[in-house]
Amino acid sequence: MKRLIPVFITAIVGSVLVLSVFFPKAETMGEDFSLFFDIIAVFAFFLGGGNLVRVHFSKVYRKRPDWGFSIVTLLAFAVTLVCGLFKIGNEAVTISSSVTAEGTYLQTIFLNVIAPLSSTMYALLAFFVASASYRAFRAKNREATILLIAAFIILLGRTPLGMYLTGWIPESFSIFQIPNLAVWIMNGPNLAGQRAILIGVGLGVVAMSLRLILGMDRTYLGSDNE
Amino acid sequence: MKKRIIAIACAILCFFTVPIMGQDAEQVTETLSAPLPAPITELTAGNYVYDDGGRIDLSWAKSADDPANITGYVLYRARKGAAFEKIADLLPGTEKYRDESVEDDIAYRYRVGTVNEAGETLSEETPAVIATWEFFNFHKLNILILALIVCGSVLFFIASAKSGRKLFIRKIGGLEALEEAVGRATEMGRPILFIPGILDMDDVQTLAAITILGKVSRVVADYDSKIMMPVSRSLVMTSARETIKESYLTAGRPDAYNDDMVQYVTDEQFGYVAAINGIMVREKPATCLYLGAFFAESLILAETGNSIGAIQIAGTARPGQLPFFVAACDYTLIGEELFAASAYLSGDPKQLGSLKGQDVGKIIAMAGILLGTLAMTFSVAWDVSFFNLLLDILNSIFITN
């Protein structure tokens, strides 16, 4: 029974969502199911927040390794929660007033703490791209050599140097100018490869959805067993 | 003396104000004498087809004075036997409008007023039009037929596998390596890190990740290894806990299960990445699995995992992130392989049959691409009517309206 009800709900919701694509009267039902999900997700957020507090509180209480970080986490969580919940800094504190209005503490926290920290993490990507490129572009076999040449052309094609080096090539052979070659690689082989992956993904989603709707695959419920 | 000063002041005032007043008067005359705008033409109204009712589409040809000498359009609507009432103000340049405030099976007439400073010119009114709903969206008939063919082939191969027919499924390196990766972590006495992406349970990639988690946690339970799973969505946390708990139960080791194996971190994308990087650097997991929906964080995670010497298996359906995983991970499940994982790992012939059914879809796609490329090439080169016809047929099969 514990398995049967979720499988039944999956089958009904999955079928209605598929039908809503083809039958206009079922469209609103599909939208309703999506709304149900949002409502459940909001309630589940309490579980997430609760788990965060419990795990880090326990870490501090038992003085486990690195418990100092947990104090920072708990403090940041509490301050942000209070500022957002009580809309501190917003003069019109009503149920409909904006949490992120100009001058609210939450907005200040977002602009001065969360945004710069997120940008810092994102900026790390530049260094990681360099180290990953070094490994990927080492010409250790035929495929890697092709990848290296393609990457080199695209990098040059996206800078003025590409035109500087090959601008002398006559117009009738302009495809061999590096910027044009870069555009061809991106719009030809690269796009074809991406589309092939996307077609595979689409078909994979169809097959997986069928397995879930028919109740053949129940791993997401914890076990295949009835 | 006082009277004289007042008289001079009045004279000065009149000197300055009269020309201004005269100017105003001229402007008003000009405004009054400005011509009315030309009306819009070819106004048509029709039921919006293949919907659930309540929509009427209007279109018209712009006024000849649009945009130089008009300020906008006003749309009027009248029920049968009632007077026209304004329902919308529209900007210059507008040529169509969808009225979504109508009731089904009631006749409406429409007219459009073209407005400028001089006034408004009304168009002819449309014949009465009724909004209706349709049972089936015929614009998507081709998609339904293709979906039925693919689903039918999946079901056929499932039935065929059930009857005992042997099906060949190619080996997927990343999935073959899963057990080896868990075994390595067990030997090294280090944990396994499982990252299910940053989207919620309504994303099919996360669902695929959770199905793989079921298999991985079963092996982890069998080997008495340790799994860590920081998540960015609360619903994923509850689902993952349930999945891991069931796996431990199935392995006969419910006592080894602990809720803290799955921890909620934050919904914030880079906050989540920072937390995982911290866990990687501190705990040094021997195996990192990145399966699900990833965005800019893919390379940050995979490179950090690489720097600690972990064996890494990744899988996502996002083509933009695949190159990063391929560059930084030992194995990558590309696109459909992620969705095939649960069937592949289960070894259940019925589920494997569903993978075989996908191949029919691929054959259709390949045939369509090949025919389309040839037809387009010959059509452009020689303008042969047969190839133009073939292109039209392919468009009607593969393109939705």
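I started with B:Ser59, which stands opposite B:Lys96 in β5(B). My ground rules: this is a predicted model, where local features need pLDDT of at least 70 and side-chain atom pairs count only at pLDDT 80 or more, while totals for chains, interfaces and linings use all residues. Residues are numbered from 1 along each chain as its sequence is written, with chains lettered from A and ligands numbered from 1 in the order in which they are written.

Next I checked how β2 (residues 56–61) of chain B holds on to β5(B): four bridges join the two, and they run antiparallel. I count strands as DSSP runs of E with at least two residues, and helices as runs of H or I with at least four, numbered from the N terminus. Two strands pair if DSSP finds at least two bridges between them.

Which order do the strands of this sheet take? I read β1-β2-β5 in chain B, an open sheet of three strands with antiparallel pairing. β1 (41–47) and β5 (96–99) of chain B are at the edges with a single partner strand each, so one side of each has no neighbour in the sheet. From one strand to the next, the twist averages 15° (axes are lines fitted to C-alpha atoms, for helices over the stretch in contact, and angles run from 0 to 180 degrees between N-to-C directions).

Most residues other than glycine have a negative phi, and most peptide bonds are trans.

- B:Asp66 and B:Pro67 are joined by a cis peptide bond, with omega about 5°. I found B:Pro67 in the loop between β2 and β3 (72–79) of chain B.
- A:Lys87 isn't a glycine, yet its phi is positive, about 50°. It sits in the loop between α3 (67–85) and α4 (105–136) of chain A.
- B:Asp224 isn't a glycine either, and its phi is positive at about 60°. I placed it in the loop between α4 (204–223) and β10 (227–231) of chain B.

Are A:Lys87 and B:Asp224 buried or exposed? A:Lys87 is buried, because 20 other C-beta atoms lie within 10 Å. B:Asp224 counts as exposed, with 10 C-beta neighbours inside 10 Å. My cut-offs: buried means 20 or more other C-beta atoms within 10 Å of the residue's own, exposed means 12 or fewer, and partly exposed is in between, with C-beta atoms placed from the backbone.

Last, I looked at chain A overall. I noted seven helices and zero strands. Buried residues make up 18% of its 226 residues.
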